Amino acid sequence: MPTPIYKRVLIYLAALIVAISILAPLLWLFLMSVSSAKDLTQVPLHWIPEHWDFSRYQVLLTLAPNSPGRLFLQAMLNSLITATGATLISLLLAIPAAYSFSRFPGHQSWLMASLGMYMVPPVAFILPMYFILQRLGLLNTHWGLMLVYCSLILPFLTWMIKNQFDEMPKDIEQAAQLDGLTTRAILIKITLPLAKPALGAASLFGWLLAWDEFFYALLFTNNADAKTLPVAIADFMAGRATDDGLIAATGILASVIPLIIAIALQKTLVQGLTEGGTKG
């Protein structure tokens, strides 16, 4: 039976509203980045700039010493290293943990305890984490931030991947056990290939969690060696004369890498959020 026309109109209208709510802030951010200071401070506000100015992007994409671009690009590289490294480490630990929680129930209290970390304010972990990083010589380093970010990403990934493993059929694994495969071989050769969509979606969300993290990066870094992008953007706002257009340009450029990754993983992301792996 075909869908009534009024239902299709409502569906498209709802999709349009969602698209506008997502794209409107980005559009305004872009307009700010190419507007002059006069356009941004004029009353009434000029929504469309009279003169389009792309010089801020040129400033941010230069590697001249002591320039805003040098700080921005270094911070972007730091964020890319720490977010990717923390996600990979967390993924390597979360997969066997999630599989054990799914296939060998009886220790769910450990999983619930790890999720309980999200109920504690982050400020409560500052002192112990600071002393640990200080003892290990990891303050203001990529490895130090990776260690901190793993404490945030690992429970999240474990929970998401476990839910996916719970929905996967166990008949194939049982047949493989009868053929003599070990638990490790079953996980690598059978379970993980079926769970690729869920792994891609979980990895992307975990990566974004680390990419956007600000609080710990602000406290555990003090120079450009390990300072991440959110902290660098905040530094641009610390001066007495703040260039709102420059800050808007940093926001646009900071969204480029996540956008590229999301587009590259679009198919995997959609499958992971809807169907996941094969269900029984």
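1. Buried, in this note, means under 20% relative accessible area, exposed means over 50%, and partly exposed lies in between, with a 1.4 Å probe and protein chains only. By that rule, both Arg103 and Glu173 are buried, and 38% of the 280 residues of the chain count as buried.

2. The model is predicted: local features need pLDDT of at least 70, side-chain atom pairs count only at pLDDT 80 or more, and totals for chains, interfaces and linings use all residues. Residues are numbered from 1 along each chain as its sequence is written, and side-chain values use heavy atoms, with hydrogens and water left out.

3. On the overall make-up, the chain has 15 helices and zero strands. Helices (H or I, at least four residues) and strands (E, at least two) are DSSP runs, numbered from the N terminus. Taken along the principal axes, the C-alpha atoms fill a box of roughly 75 × 65 × 30 Å. A contact means heavy atoms within 4.5 Å. Of the contacts in the chain with a separation of 6 or more, 73% are between residues 24 or more positions apart.

4. Three salt bridges are present in the structure. The term covers a side-chain nitrogen of Lys or Arg within 4 Å of a carboxyl oxygen of Asp or Glu. Side chains of opposite charge can pair when their charged atoms come close.

5. One of the salt bridges joins the side chains of Arg103 and Glu173, at 2.9 Å from N to O. Arg103 belongs to helix 4 (residues 68–103) and Glu173 to helix 8 (residues 171–178), so this pair ties together parts 70 residues apart in sequence.

6. Another salt bridge pairs the side chains of Lys162 and Asp166, at 2.6 Å from N to O. These two residues are four apart in helix 7, so about one helical turn separates Lys162 from Asp166. Lys162 counts as buried because its relative accessibility is 10%; Asp166, at 32%, counts as partly exposed.

7. Asp235 and Lys227 also form a salt bridge, with their closest N and O atoms 2.8 Å apart. Asp235 counts as partly exposed at 30% relative accessibility, while Lys227 is buried, its relative accessible area being 14%.

8. How do helix 5 and helix 7 cross? The axes of helix 5 (residues 108–115) and helix 7 (residues 142–167) come within 9 Å and cross at roughly 135°. Axes here are lines fitted to C-alpha atoms, for helices over the stretch in contact, and angles run from 0 to 180 degrees between N-to-C directions. Angles under 35 degrees count as roughly parallel, over 145 as roughly antiparallel, 65 to 115 as roughly perpendicular and the rest as oblique. Helix 5 and helix 7 are therefore oblique to each other.

9. The crossing of helix 5 and helix 7 is left-handed, a term used if the near helix is turned anticlockwise from the far one by less than a right angle; if clockwise, the crossing is right-handed. On the helix 5 side, the contact is made by Gln108, Leu111, Met112, Ser114 and Leu115, which meet Pro155, Thr158, Trp159 and Lys162 in helix 7. These contact residues divide into five nonpolar, three polar and one charged. For the classes, Ala, Val, Leu, Ile, Met, Phe, Trp, Tyr, Cys and Pro count as nonpolar, Asp, Glu, Lys and Arg as charged, and the others, Gly among them, as polar.

10. A further helix pair is helix 12 (residues 229–236) with helix 13 (residues 244–254), whose axes come within 10 Å and cross at roughly 165°. That angle makes helix 12 roughly antiparallel to helix 13. The crossing of helix 12 with helix 13 is right-handed. Leu229, Ile233 and Phe236 of helix 12 make the contact with Ile247, Thr250 and Ala254 of helix 13. By class, this contact has five nonpolar residues, one polar and no charged ones.

11. Asn140 sits in the loop between helix 6 (126–136) and helix 7. Its phi is near 60°, a positive value in a residue other than glycine. Asn140 counts as buried, with 12% relative accessibility.

12. Pro122 is placed in the loop between helix 5 and helix 6, and counts as partly exposed at 43% relative accessibility. Leaving aside its neighbours within four places in sequence, Pro122 is in contact with Phe215 and Tyr216. From C-alpha to C-alpha, Pro122 and Arg8 are 45 Å apart in space, and they are 114 residues apart in sequence.
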